Protein chains: 2
Amino acid sequence: MLTFSEENHLKAIFHLERTLPNGVSTNALAKEMETKASSITDMIKKLSEKKLINYKKYKGFKLSQFGMETAIAIIRKHRLWEVFLVEKLNFSWDEVHEVAEQLEHIKSEKLTNKLDAFLSYPKIDPHGDPIPDEDGNFPKIAKILFSECQVGDEGTFIGVKDSSPIFLQFLDKNNICLNAKVKILQKEAFDLSLKIEINNNTIMVSHKTASNLYLQS
Amino acid sequence: MLTFSEENHLKAIFHLERTLPNGVSTNALAKEMETKASSITDMIKKLSEKKLINYKKYKGFKLSQFGMETAIAIIRKHRLWEVFLVEKLNFSWDEVHEVAEQLEHIKSEKLTNKLDAFLSYPKIDPHGDPIPDEDGNFPKIAKILFSECQVGDEGTFIGVKDSSPIFLQFLDKNNICLNAKVKILQKEAFDLSLKIEINNNTIMVSHKTASNLYLQS
DNA sequence: ATATATTTTTAGACTAGGCTAAAAATAATT
DNA sequence: AATTATTTTTAGCCTAGTCTAAAAATATAT
Ligand SMILES: [Mn+2]
Ligand SMILES: [Mn+2]
Ligand SMILES: [Mn+2]
Ligand SMILES: [Mn+2]
């Protein structure tokens, strides 16, 4: 049985591996977990002992198959609970992450799968992230950041990179909502800000904002 | 912010105070928590430090007003989640307690109150126990154990004292279900077993069983 | 190739929450 | 009232998970 801390570390390694496919470093994980490198070394030893990661001293680490399955199961729970909170309890998309951080650690496969059924097997969570099924499978959704788009690109706003309440509330305030139709009209060379058309409104978004919004073309 | 362990101790003290209204002893709580008296002394000091209980060395302890409110809030969450699991996710009444033991520690007042609303403000949980409202109020339901009844007594089976899976499954097997109409037909002097009529069936129940079933007359 | 900088690990400390064994306080019996 | 039994607390040890500071390994730059 894994502790909350072990589960949180696994999840963080999973997310880091997407940008660091050749292995995660102690410092990278320390930064992600907002903790110290020495604490990571200790935890990494525990996870390695439990066969959740492959680790060679000084050489970084990677999730094992077992660790990968475990991490995906936690992410599945996190995202299902987020859907529950939004769809059934009328939470807004900026309120759910914090609560889901707690709910993702509830240990009951039966609960997870019954919740999945109760929600009619949702495929994406309130932030556009894919929800793994019971077997851990989920599609890799093709998407690029607004900030990487070319002028003229069109598509649908289908997800956020940052899902902090402050960013999500900012999007709400600017009527930038999931599944909106988007067209990149102009890119300012000076500050990389974008002029976009979104749901027939024309607005400016900063580079920082653009680099946290995903477009599916 | 309380730890799981602190919350579990508070809950146990709350339940013990039902039968020990003049204060709970270290040993009584150790037995209830299936731990050692020395561990209880340590925990009691922490809870006292946090003003959750009133404690004088060697003299036992009692929940403070604040401790009482905190314990009731946890019990409210436990019972609401049990209702959710049965009503919405089709768990059976013997499966919910273990999962609710985890869910009761989720910290979000908003979640608790939205869940309450989603469930249409249920008054009792799947085992017949009353659910405190947002302000911590709940009715004291008048009920007596079958084992304390007299021959001829009639009423409704409205709750269980023991809610362990093994006991609940035993009740299921014998078609003893909540809200059944009951009449005490006979009491055997030898072993205190009862002959009862329940939903128009006549069955025998042992003293042990009878002392875990509540009747409302 | 050597010196310097960076990263990673180790060593030792601290807190929370358990434990056992012994001491101290209280309760029960003679 | 004194002795014995029980209950409660203390003292000291353990593990998990964090920290700081120092040592060791690796990477970078002369
Ligand atoms: Mn989230
Ligand atoms: Mn999400
Ligand atoms: Mn229960
Ligand atoms: Mn219950």
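User: Which residues are the protein donors of the manganese ion (ligand 2)?
Analyst: In this predicted model, the protein donors lie 2.1 to 2.3 Å from the ion. Their spacing in sequence is E-x42-D-x1-H. The donors are Glu82(A) (OE), Asp125(A) (OD) and His127(A) (ND1).

User: How many residues apart in sequence are the parts tied together by Glu82(A) and His127(A)?
Analyst: Glu82(A) sits in helix 4 (residues 65-88) of chain A, while His127(A) belongs to the loop between helix 6 (109-118) and strand 3 (144-145) of chain A. Both residues are buried. The pair therefore ties together parts that are 45 residues apart in sequence.

User: Which strands are the edge strands of the open sheet in chain A?
Analyst: Six strands form the sheet, in the order 3-8-4-5-6-7, with antiparallel pairing. An edge strand here pairs on one side only. Strand 6 (residues 194-198) of chain A is joined to strand 7 of chain A by five bridges, and Lys195(A) stands opposite Met204(A) in strand 7 of chain A. The edge strands are strand 3 and strand 7 (201-205) of chain A.

User: What angle does the direction of helix 7 of chain A make with that of strand 4 of chain A?
Analyst: Helix 7 (residues 165-173) of chain A packs on the sheet. Helix 7 touches strand 4 (154-160) and strand 8 (213-216) of chain A. The angle between the directions of helix 7 and strand 4 of chain A is about 145°.

Definitions and conventions. Residues numbered from 1 in each chain as written. Chains lettered and ligands numbered in written order. Predicted model: local features only at pLDDT ≥ 70, side-chain atom pairs only at ≥ 80, totals over all residues. Heavy atoms only, no water. Donors = N, O, S within 2.8 Å, 3.2 Å for Na, K, Ca; no water. Helix = DSSP H or I, 4+ residues; strand = E, 2+ residues; numbered from the N terminus. Buried < 20%, exposed > 50% of the residue type's maximum accessible area, 1.4 Å probe, protein only. Pairing = 2+ DSSP bridges. Contact = heavy atoms within 4.5 Å. Axes fitted to C-alpha atoms, helices over the stretch in contact; angles between N-to-C directions.
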